[in-house]
Amino acid sequence: MATNASGLFTTPTVPSLRGKIKPSIRIFGSGFRSPDGISKRVFCSSTFEGAEKHVGASPSESRAPRLVSKGCKLIGCGSAVPSLKISNDDLAKVVDTNDEWISVRTGIRNRRILSGKESLTTLAVEAALKALEMAQVDVDDVDLILMCTSSPDDLFGSAPQVQKALGCKRNPLAYDITAACSGFVMGLVSAACHIRGGGFKNVLVIGADALSRFVDWTDRGTCILFGDAAGAVLVQACDSEDDSLLAFDLHSDGDGNRHLNAAFKESETDELGSNGSVLGFPPRRASFSCLQMNGKEVFRFAVRVVPQSVEAALAKAGLPASSIDWLLLHQANQRILDGVSSRMQIPSEQVISNLANYGNTSAASIPLALDEAVRSGKVKPGHTIAAAGFGAGLTWGSTIFRWG
């Protein structure tokens, strides 16, 4: 069976079936929708019943795939943070700032920073194991691991190392998704596409970042904001009538990269030397710069696009804003959380926030906040959550899902 760029099944590759089975579902924008305009979330893989009559195969032999209604649900979560806690008062000892200046402008009072033998991989594994335990899913039943991070332990990605550390014996696919603070939302949507369009059953979505590695700790405009953490959820295939990931809305705008980036830069000194050979070769050593951010522009961007994205996802789900039990935004700045909830007229008591304790943990912020809310009993099975991520790229997106 052939797939399109989204991994969704199109037409079968068996010659005798071509022209006899027409796809009943097309994709319109972000989300799934049929020609008659009725939203459908029903992609999976299995076999066409009776296909052996066309290709001469017996039921025990290989059969051509068929479309089967399939949904997905979030059934487990977990999180992990480094042991080292850095308070605003601790920061005041290394940069010109103080607790009041930081807390009033950001809502942050503490953050966790990787130190010693800790690594992003170890945090991701701890969060994943907690999610699997809650979901009551064995590690060997995991089909796919999506590691959402922009600060992996290895340039080529950390997902395979997470898969190894978890002890997955069947070598499931594991790969990284790089979308910074929007990464976890992108990961959720990717998990849904793999389940609906690829036949996967259990997908681990991990959001983990250690932006402390890329922060200029002499710049009080950025160093006060970021912390390190990991959060994970287990997304599982289910019958279409039990589908809990209701809709999504995703966007990007590369023009905004100038407002938030950690660019790749060559060294100013030519350490290797050219030895009189080809000009400009060998290339100079290079690395990524410290994180650069225009706070005012990022604030304006977030408060403008996030409400629009959440409302678009709600419209695709056919739900009014009043149906939301919880608004779960990327934990970037308390003023952004307040600004978005105010524009959407969502009461502050329905906004999940743990920003004060952890700061901005990038791709980890949404699953970390979700895990704490679930384990504290705040979020209960059946609650409807509108989650939205936004940040570097610039990228942003939202998804509507029911927990449990």
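Residues are numbered from 1 along each chain as its sequence is written, and side-chain values use heavy atoms, with hydrogens and water left out. In this predicted model, local features need a pLDDT of at least 70 and side-chain atom pairs count only at pLDDT 80 or more, whereas totals for chains, interfaces and linings use all residues.

The secondary structure of the protein chain comprises ten helices and 17 strands, where helices (H or I, at least four residues) and strands (E, at least two) are DSSP runs numbered from the N terminus. Of its 404 residues, 49% count as buried, a term that here denotes under 20% relative accessible area, with exposed meaning over 50% and partly exposed the range in between (1.4 Å probe, protein chains only). The chain exposes about 18400 Å², of which carbon and sulfur atoms supply 50%; accessible areas come from the Shrake-Rupley method with a 1.4 Å probe, and for residues only the protein chains shown count as cover. Among contacts (heavy atoms within 4.5 Å) between residues at least 6 apart in sequence, 73% join residues at least 24 apart.

Helix α4 covers residues 120–135, and its 16 residues should span 22 Å at 1.5 Å a residue, which agrees with the 23 Å between its end C-alpha atoms; the expected span is 1.5 Å times one less than the number of residues. The buried residues of α4 are L120, T121, L123, A124, V125, A127, A128, A131, L132 and A135. The elements that cover these buried residues include the strands β3 (71–80), β6 (144–148), β8 (202–210) and β9 (228–238), together with helix α5 (159–166). Just after α4 comes Q136, which is found in the loop between α4 and β6 and is exposed, with a relative accessible area of 75%.

Most residues other than glycine have a negative phi, and most peptide bonds are trans. Phi of Q136 is near 60°, a positive value in a residue other than glycine. S362 likewise has a positive phi, near 55°, and is placed in the loop between α9 (355–358) and α10 (365–375); at 1% relative accessibility, S362 counts as buried. The peptide bond from G393 to L394 is cis, with omega near -10°, and L394 lies in the loop between β16 and β17 (395–402).

The largest pocket has a volume of about 1000 Å³. A pocket is defined on a 1 Å grid over the protein atoms alone, as an open set of points where a 1.4 Å probe fits, with protein on both sides within 12 Å along at least five of seven lines, and lining residues have an atom within 4 Å of a point. Its lining consists of 47 residues, of which L211, F226, L260, L291 and M293 lie nearest the centre. By class, the lining has 24 nonpolar, 18 polar and five charged residues, with Ala, Val, Leu, Ile, Met, Phe, Trp, Tyr, Cys and Pro taken as nonpolar, Asp, Glu, Lys and Arg as charged, and the others, Gly among them, as polar. At least two lining residues are supplied by each of α3 (99–106), β11 (260–261), α7 (295–317), α8 (334–343) and β16 (384–391), and α7 gives the most, with four residues.

Several individual residues were also examined. N88, in helix α2 (residues 88–91), is buried, with a relative accessible area of 0%, and, beyond four places in sequence, touches D99, I102, S103, I108, R109, N110 and R111. W101, in helix α3, stands 13 residues from N88 in sequence and 9.2 Å from N88 in space, C-alpha to C-alpha; leaving aside neighbours within four places in sequence, W101 is in contact with R220 and I224.

C290 is placed in the loop between β13 (286–288) and β14 (292–293) and is partly exposed, with a relative accessible area of 32%. Residues up to four places away in sequence aside, C290 touches F214, V215, D216, N261 and A262.

Conventions: Points joined across faces, edges and corners; volume = space filled by probe spheres on them.
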